[in-house]
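Take a brisk tour of a two-chain model. Have the sequence and the 3D view open as you read.

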Amino acid sequence: MAMNDIGMSLLVLLFSSMLSAHSTIASHRSQTDHFHEEVIFKSVADAKVYSYFQFTTLWNNSFETDRFDHCRLFPRSLAEIIHTFDVQELHISLTEGHWRHRYWGYPIIEASPGAEIWVWFGKNNKGKDDIDRRWKGLTSTLSGLLCTSFNFINSANSVRPKFSFRPLGVDSSAEEGSEGNDDNERVRYAVLPREIVCTENLTPWKKMLPCDSTKGLASLLNARFIHNTNYHSIGAHYRQMCLDAECTDTKIEFKQTVSLVYDLVLLGGRADEWSIRKLFGTGLFSYCPLATTSNIYVDVSDNNIELNKQPDSTHTAQIGGNHIKYAIYDVHRHASSTAGFNLVAKIRSTSSSMSPMRHSSPLLHVNRYIREYGKENGGIVVKIYNNHRKPLVVTYFENIPWFVPIYYHTLKIRRIDNGEEIKPLAKRYAPGSTRTRPYYLEVVLRVPGRSVVELSVDFDYTFLKWQEYPPDANHGFYVGSAVVSAALPYARNYRSLPASVSLLQDIFNATWPSNSFVVQMRTESFILGLPTPDFSMPYNVICLACTVVALAFGPLHNITTKRLRLASHSAKGKWKAFVVSKIAKIFGRSAPNDAASCSDSVPDSSVNTEATKL
Amino acid sequence: MGLLTDPTNDENTKKTFIVKYHSKICILMVFCSVTWLCFLAHDNFSAGTYFSENALLPGLVQGDYSEESEAQALYAEIQDEAQKYPYSIPDEWIRDKFQELYLEAYIQNFTLNNPLKEKLKFVGSNVYGILRAPRSASLEALVLSVPYRSPSSVYPSTLPGLALMFSLAKFFRRQKYWAKDIIFLVTEHEQLGVQAWLDAYHGTMSGMKGVLEYGLLEEHSGSIQAALNLEVHSPRISHIDVKLAGLNGQVPNLDLVNLVHRICSKEGVLNTFFNKDSKRGARFSTWNHKLRTMLEMIGSQATGVPDGNHGLFHRFGIEAVTIEGHSKVGRGGHTFYHMGRVLEGLFRSLNNLLERFHQSYFFYLLPSTDRYISIGYYMPSLALAVSALYLKSFATWLKLHMNDDGKKIKKKSLKAPKNLNIMIVSAIMLSTHAVGAFIMPAGNYLVKKLPWSSEVSLLYSYIAISVISALVLAVVMSKYTRKGNWILLNVVCLNEFATFLLCVSMHNFSFGFVATLIYVLPSLWISAANNRWYKKIVWLFFHPLAVIYFLTLGFTVYTFDELTIKEILLKSIEAMQHLIALNVTDAMVYGNWTFVVINVVILSTWLSFWSLMFASSEERDVGVEKEKAE
């Protein structure tokens, strides 16, 4: 037995050393793919902690998609899908909860509640129908890959936004300029607001990571803890980027992200203290051996956070006149300890009189709700708050399901304080069509400085076919969030990366294109109570119909099975016949027929009829 | 089972029967209707309440709330703070308080432009805090509201309720299980504040444009599923009273009402309806007790005025009730602990809701806290009384086709009624309805022109318009119309009135029923021709203004029985002025229909009948026969 064991372990040792030798050879040969794992922690207003995980795979692979055949760090399953459907850019997010910009600032990656997907397809296409076919195929495949309901995406809930979703990476067709105005032909956007995100989505998502969730920062992503947050969003983002400044060649970037917002009040204990163990239920025991960098960043810009361990380094990033200071921990150095790396942060309150809800409002935030009174007509209202002193150009993109028919002519844009009408800079609208196409509305407008602009559009309530109502019809119908995009002049509450940068560690020497910080806020989604029939009605109708049938049956049966016979109506005859029939009854015999026998026509008034059984 | 058609059917005998006995049948119908309604309060005619919505799962969880001392401390703090603002709401203090509890909190301002007096404005503000549910994207919400009453308010204090709300907010904020946002709403100026907040939340203007100007809400939550309004008058309460009646007689879904009662019983808190608890047993006293409860509900519903802030939620499809805690004198009673447990149970139940309230009844009467009468049982009683009007109109119409001896007029002379005066009848109906429709705008116009105070000038202008319209119609009808046949006018009046009453009662049964009780008998009494002078005088007493006055007078006598007759008369006139001004304002601010319906339906019909009485008839004999029948 012992010998056997030793033999086995020898074999394993030999095999693993062979494997590692092979992998070193492979990496020597290409040396073109790298994996980075990073996480940021930031305390935000109302006792919340925002943590953002980013797992990035960079691969110096060019556009020629046939080279996806051999994957080392890049998930092979996804590579095949990207190759098959000729995807140029892919952005998926699965989110629970709504990001509250007013209190939490801007997230690094935005996501709308539910499942959201937007895709740019490669330029090699044979027109709109081809793209539609690929879109259907892609979403169906992804739904299998991520255990989501992406297979419910069809023409009835996908749109082609013109302004809001431009490629974030390299777009080859843009240079050629051949497609001109139709360049939104290749983009598809869809959102499933009712999607519930849970462990079943997290597990396949983790499988795309090179180290799975056994090692590295991903080992912190324990479903029991991360689904206990106020906001959680997992994402997968694929794009093609320039390899160098001249952009002679391209590389591939695949980012897997997790955004979490923890509520310290709900976690229990002190509301001004958090630690890795408190947030994730475990310390960090290991790093991913495949990762080039594994870093933890803690936002210490406000100088009010006290950390229990001295950071390896502290860096300050200059973003649009804003200083962001990060304490950086290299997981390679800390995670090897047997006790596990636990970081404890205490938030010092700057002054006791300050309310915990204090926050600096972001430059731009939105509030969307429905105007409803009765089940007759309603409206969608979006209030856009511009806290900047100068006007901002904002793009508003709305994707409304076909069962909420909006009226384009009721689109009103006005300043709230003085009621002044605002003329949009550009408008695009595609009316929806029942069961086949959603309503698409995109408006570009200039929001004056220090003002609130209200954009509203009216809609009707429609009746659906009775089979189209879900089992919980009275719960209401989900309408996904709208997207508000703008380029902000400076970076208050801003944390995203510029388009040219992939990694968080590169933020310190990144250059921003002429102080424009792009935000793409997702507004609130809402549920709409459509007029719903009383579904207990069929039961009532069945009862009623049966009763009516039962009641009608008796007389009909009588009429059809009994013969009408005239009875004599003279007073004299009456009592005579009566007596005779009585006597006959006593003797158990039927009464003898009267002279007047069965007659077809009933003569005028005062005719008595008598029915006897045939 | 008989045949579908009866060849022996002798139309003439039935018609003769109807014509001969209709007055007696009518009176019998009205009598039966009232008896029916009274019987409904008995246990044998009403049903026990039950839950239709299983998702509520009432009382399945063990309560955790135990913040008694916290609430007591908050109450002391709030009392101190309230003393600093004798006339207004300490809105910023309340907002900061919410924020200390880690809640988003905002202030909303609103302005009421007095619709009766130009340039008279009232301002107020509401404060609301939103507890964001950790697991949802703010798609659904529940509301807990407290009307803030400053120390100078004439109503009993609600500060203990506010303290309870804060302690609940603190407790709720620490719980993980919320699936719906909870909005804590503190409103000023009673119903005005709630109206302004709801209008702003739903982006609509329920009243007249420009009357209630509401400020913007900075943040919204999702669609509101249910609301509870909290009026706790003392830290120690004797019982919890559940108030339902909403605007225009709307009531919340019965499931919500049942839920409140069920949770109260579970927590051992005495729960009542119109301050009457439920009694059991088949004795006469039990029936009497329940009948009184039911009649109180009918009375309060008939006014169309909500008896609490919950009443304004209903029109937005939000089920809402008011939970009123009455102060306990002496020892014992329930403390914040018990009330907190009740509210915790309520909110946790509501949190379980998967769909909007839709399962249980939206139309019902309650004879006690645990029994209900569904619409299927009470509507027939009203229909019976209203059918009397239809029967009378049918009989009047039949009479037109009959000879004096009750025989049917021969076929060839079927169009015997030579002249039905269709044009004049149309003109009369048009003019009376015009008066009904324009009396309110005219009153509102006049009130701004007349020199007296708005209440006085409102009453005077209504009286003036009523007197003038009645006089003009009387003179025109008696002097300037030819002698003729006015049966058509009578039939139209009766049919219209009956139809209106049925329609109104579909919306507000109680109002419809009260109006029917008052008007059915006198309108049956009026005949198509030769109405004598005493009928006219009696009918004069049924002018809507007169009826309102008599009701006020009765109420004044009932309330101030120690006053002399003269004082009572003066007092009742004053009360009448108040009442009319209040009704007009309610109609314009909240969109209350009661006064509008009184004007448009009842006043018009009254005027139509009035002109009928003054019409000069040619067929004396019909009238005489009619009198005999009466």
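B:Ala47 stands opposite B:Tyr372, a residue of strand 12 of chain B. Strand 12 covers residues 371-374 and is joined to strand 1 of chain B by two bridges, running antiparallel. Two strands count as paired if DSSP finds at least two bridges between them. Helices (H or I, at least four residues) and strands (E, at least two) are DSSP runs, numbered from the N terminus. The open sheet here has three strands in the order 1-12-11, with antiparallel pairing. Strand 1 (47-48) and strand 11 (364-368) of chain B are its edges, each pairing on one side only.

## How to read the model

This is a predicted model: local features need pLDDT of at least 70, side-chain atom pairs count only at pLDDT 80 or more, and totals for chains, interfaces and linings use all residues. Residues are numbered from 1 along each chain as its sequence is written, while chains are lettered from A and ligands numbered from 1 in the order in which they are written.

The predictor's confidence in each residue is its pLDDT, from 0 to 100. Chain A has a mean pLDDT of 81, and 85% of its residues reach 70 or more. Two stretches of chain A need care. Residues 1-29 stay under 50, and the model gives them one contact beyond four places in sequence. Residues 175-181 are also below 50, with two contacts beyond near neighbours in sequence. Contact means that the C-beta atoms of two residues, placed from the backbone, lie within 7 Å. Where pLDDT is low, the predicted coordinates should not be read in detail.

## Chain A

Chain A holds twelve helices and 27 strands. Of its 614 residues, 37% are buried. Buried means that 20 or more other C-beta atoms lie within 10 Å of the residue's own, with C-beta atoms placed from the backbone. Among contacts in chain A with a separation of 6 or more, 77% link residues 24 or more positions apart.

What covers strand 10 of chain A, residues 293-299? Five of its seven residues are buried, leaving the strand mostly covered. Its two pairings are set out below.

| Partner in chain A | Bridges to strand 10 of chain A | Direction |
|---|---|---|
| Strand 1 (residues 33-44) | six bridges | parallel |
| Strand 13 (residues 322-330) | five bridges | antiparallel |

A:Val39 stands opposite A:Ile296 of strand 10. A:Val298 faces A:Ala327 in strand 13.

## Core and interface

A nonpolar core is a set of buried Ala, Val, Leu, Ile, Met, Phe, Trp, Tyr and Cys residues joined through C-beta atoms within 7 Å. The largest one has 302 residues, and B:Met165, B:Ala169, B:Ile182 and B:Val260 touch the most other members. Helix 17 (residues 594-614) of chain B gives the largest share, twelve residues. Beyond four places in sequence, B:Val260 is in contact with B:Val242, B:Val321, B:Ile323 and B:Leu346.

Where the chains meet, 32 residues of chain B are in contact with 38 residues of chain A. Helix 3 (residues 91-100) of chain B gives the most to its side, with three residues.

## Annotated helices

An unreviewed UniProt entry lists residues 537-556 of chain A as "transmembrane region". That span is 100% helix, and its end C-alpha atoms lie 28 Å apart. In chain B, the regions that UniProt places under this name (unreviewed entry) include 377-398 and 484-502. Residues 377-398 are 100% helix, with end C-alpha atoms 32 Å apart. Residues 484-502 are 84% helix, and their ends are 31 Å apart by C-alpha atoms. Such annotations may be inferred rather than shown by experiment.

Notes. Buried ≥ 20, exposed ≤ 12 C-beta atoms within 10 Å, placed from the backbone.
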